[in-house]
Amino acid sequence: MHYDLCLVIRYDFDRPTGAGRQLLRIQPADMAGQQSLLSCDITITPEPSERREFTDFFGTKVLEVVMAPGLTKCEIAMTAKVVRLSLGRELDISPPLDRLVEELEEITQIGATSPHHFLTASPRIAHDPAIAAFALAAVAGAETTRAAIAAVGNALHKYMTFDGDATEVDTPPAEAFKLKRGVCQDFAQIMIAGLRSLGIPAAYVGGFLRTLPPPGKPRLEGADAMHAWVRVWAGAEAGWIDHDPTNAVFADTDHIAVGHGRDYGDVAPVTGALRMDGGQKGSHAVDLIERPAVKRQS
Amino acid sequence: MSPEERKLPATPVEQAADDAVAKAGPGPVERTGLDKLKAQANTAEANKIAIRRNEVAQAASPGSEPDLAATQKAIADKALAEKIAEKVSVEPLAAEKIEAAKLAAALKGYKPLPATPDEMVDATGKLRPLWRDFASAFAGLTADDIVRRTARAEQYLRDSGVFYRQYGGGESVERPWPLSPVPVLIAEADWAALVPGLIQRADVLEALMADLYGENRLVEGGHLPPSLITANPEWLRPMVGIPPQSGHYLHFLAFEIGRGPDGQWWVLADRTQAPSGAGYALENRVATSRAFNELYAQGHVHRLAGFFRDFRDALLGMRQDRDARAAILTPGPLNETYYEHAYIARYLGITLVQGEDLAVENGRLMVRTVSGLKPVDVLWRRLDGSYADPVELNAASRLGTPGMVSALRAGGLTMVNALGSGILETRALMAFLPKLAPRLIGQSLKVPNIATWWCGGSVERKEVVSSPRRMLLSPALATGLPFDRQEEIIAASTLSAKDLKSKLEAEGRGLVAQEAVTLSTTPALVDGKLAPRPMTLRVFLARTPGGWQVMPGGFARIGATPDPTAIAMQRGGTAADVWIVSSKEVEAVSMVPASTGPFRRMGPGALPSRAADNLFWLGRYIERTEGLVRLLRARNVRLAETGAASAPILAALQPLFKSRGIDPVPGIPPGLLETLSAAISSAGQVRDRFSPDAWQALVDINKTARRMALQVSAGDDAARALSALLRKLAGITGLVHENMYRFMGWRFLTIGRLHERAMGMIETLAVLADEKAAPGALDMAIELGDSVLTHRRRFTVATSRDTVIDLLALDPMNPRSIRHQIEALDEQVRMLPDAAENGVLSPLARAMLRCLTDLATQEPETLTTTALWAFRGQVADLSNLVTEAYLR
């Protein structure tokens, strides 16, 4: 599946800012066998005074920019061409939950793809007994890890209402869960809290969602902005599986990932420090459009 | 040579007894309440902004009054009271018998605790030879002598302002340094045997650090459990894969060690994050040598200065270019060991900076100075790693510098120690170090650490369950000392076998078990007598081009009671000096390198903008305090004379109080105390640049004023108290202006003072020399301007508006006149960096010149009240221009 991707983030500041240093995590990942990035272009207006790229611990490409003082507005525009390969209908080769723990013990590396990073509480996802109880109830009867993942994701999808106004970017998962409302970030972080409480390694994924559904399919929730879902370790053989609790689906060709981390903080699209003494307004728009299948490349 | 190399230690530390040296600091409490500080700093900032706004806003405001001539009093308020350098004669060894009898008497009642080794006496109660000189000298002291000597040490600590900060009940307070004046004596040979083990441990930690932030082979090979690393908040992922610029991660370490029942030394904790205490060790040394000066002088005690000199040289040597600097990064005055940061910076002659002083530009760390950005190549941080960069590390940190990690990634900066080194303090790692050492450096540990079991392993859990008697359970990822945070510790023996087992099964990964520590005891002064108290030592290691060096001495912590868990200072423990005693003469060392070439005068380093800002405001606050005191005194004198608060002259003063936000009714109003607090808080931010004597004088005046505020009633009583305060203030001004090196720091302090004085006088005249002012107002103005005598000499006539304006506004010879302040300001401003470029004046210098010209062309008739208020606005703007040009 070929996509044209376009992201525009705009900021307006009430008063001119001081100097600012920002990290942008918006470039789609290149993942062998799943997703390839054909081109990517990021334009920042006004031109930053410094601009450099690095790869963070979890393998996400980060653009570091320094903005000169005196900004009143700023625009970040990213265009990319991405190919997303379908993983096809997967066989469920994941182990039952009790075996998962044993398989985990065998893993002794702690590099970017190690499941060990995603087992315990992280800065934005604390353990929460209510979510843990919910997850435990949801997996009753699930025979495999993959089934357990789907069970938690689907239960959450039923339990929560998508609501763009109920939560903020810093709302803790426990609170969103209590509200039973939230956006993709809340869905993902609650699901992660639940899975971790069951001993299942779960990471937070930031990325994009196809804007217009294929003919005859419903439009997915959360497609107007950057999206978030969950990446779960389902055993040594099955490896990592992406599940989108906001839409209650395993992620497939509609999902384009930027990167993963322990929680939102590790993959937030824009982080940094800006000296400001006034307010700011921001907007943020995404278009992920399937290109007519004229030229096929892979 | 760069600025750092040029500076000699400001305090003649070790030089005194060797040079009677140094100060000491507390150990372990490195991390509490960091951001609290900033809250306070913000309040201070808000204050300044409020003052500036107020000045600009108050274009028209009413009148006021005169001030008296209290001359800048004799400068030296003898703040540095005469030090008693009294010599205590050492007992001539005349009659050994008598001495033996005395000794026996002195040691009587000194009973080591059961099954606990003691440093001074052996198991049979016999004095160890090492302690003989000390014990016999002590035996020769009367109870009075002891009190006097202790007082001498304490006096020194008070005079130098040594303190630490204690947190509790939601507030933090500065506490006097709790010194135990009896040093811990350790034989040189004992020490020499310990040193290689400490160095070896430092090498093991360096290798472990390199693995944890490099390839992680230890975890991969199954030698470390993954969760100890991945769940560890001290493992800073952004630092993984960034090699240290210098080739080493660790440069300055401390080990907390104690002596076990068999006399063997044990490591109780590794301090790798940003170990504190080395500076306090220096202070302990000076204080203790004051108490036992003759013993110290004759005792063959190894000096500490060489260790610091070599480390300073090592820090400076790691700079990549000679123009760059090394700096010490502090979280700021609210940190519990800030005193030590400022002290060490002064002692080593290295710039002390806070996170906001620094900026990262094109991958290079820079310090903001009044002369622009200057590169920093080496940063000795006294701040926890995760706080160092809000962009890539803890986003909530207000103590760090955006881009710090980026600068490290770019490779131009050496961080002492590398960010992320806090992970080595993880308690559970102690369970693995003995096995890791051979793997990492090919040797077994020479000095053991306390026996530790990580309860995530089933074998370990079994061991703990089978012998719970001496086991203490605590969080596996804790980084504190074993005796801090008692509330986190559970004695395994207090749980039933079943509960213990199920706790370990459920939470094992998060727990370690450690053997309860038995500590040796050492003599401490308890109610005038020596009594055995448990002790731990903090020893310091510094990496130098010649390898690790161990400080010959350290920082001993002495328990408040025989219970070894009460050793923490926060729970009443005290600190003592550690003397490594040689059998022969020791080499005298000094911080000052031997002269190896012709004398070269070095230019002073650039002044960080924040320091300049604090000095500027310190100058303003001190001057403002003085102005207020004069104003209050004038009021209270009148009050005493007229006896009625309603006299018109008092009403005439009211506008001057009002514009300063002061209610003058209490003799010493709270508003005055607030101004003093603001002065102290500004001075507290620049302790490394402010003379300890002046600091002490400032603290003293603050104390006096607060005491007076409680006791003094308005009128005559208050007038006398205020006169006393005025004399003390003159002492501070004298200490600062007679003794401070006339460079950039002094210049900003002076600009602040002149500016404030100009503002005060303009306002005074606008209010009290107004045509409509009450009778007597002109005389009051002369009094407030301290110019009564001059007026009498210069004008034979009575005061008139013209004579008053001429003397207090326009006369350049009167040091209190507006004209005098403006001329002096102009002179200082012209000497600031970039005051003029190619003959073009900076905006500040231009505004300054305009003020001067405007004032110089005035006559008493033209300088009306309206003109004065307008001029006030012009002068107020200068403060903003200074801030804009230099202080951000």
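Predicted model: local features only at pLDDT ≥ 70, side-chain atom pairs only at ≥ 80, totals over all residues.
**View 1. Chain B is split into four parts, domain 1 to domain 4.** Domain 1 takes in residues 184-426 together with 519-581. Domain 2 covers 451-515, domain 3 covers 607-740 and domain 4 covers 742-888.

**View 2. Domain 3 of chain B touches domain 4 of chain B.** The contact involves 28 residues of domain 3 and 28 residues of domain 4. On the domain 3 side, the elements that give two or more residues are helix H17 (609-642) and helix H18 (648-659) of chain B. H17(B) supplies the largest share of this side, 17 residues. By class, the domain 3 side has 18 nonpolar, four polar and six charged residues. Taken over C-alpha atoms, the centres of the two domains are 20 Å apart.

**View 3. Chain B meets chain A.** Chain B brings 20 residues to the contact, and chain A brings 16 residues. Three helices of chain B each give two or more residues to its side: H7 (217-220), H8 (226-230) and H13 (404-410). H8(B) gives the most, with four residues. The chain B side divides into 10 nonpolar, seven polar and three charged residues.

**View 4. Helix H4 of chain B, residues 132-139, has buried residues.** These are B:Phe134, B:Ala135 and B:Phe138. The three lie on the same side of H4(B) because they cover an arc of only 95 degrees around the axis. In an α-helix there are 3.6 residues a turn, so residues three or four places apart point the same way.

Conventions: Residues numbered from 1 in each chain as written. Chains lettered and ligands numbered in written order. Domains from an automatic or database assignment. Contact = placed C-beta atoms within 7 Å. Nonpolar A, V, L, I, M, F, W, Y, C, P; charged D, E, K, R; others polar. Buried ≥ 20, exposed ≤ 12 C-beta atoms within 10 Å, placed from the backbone. Arc of directions from axis to C-beta.
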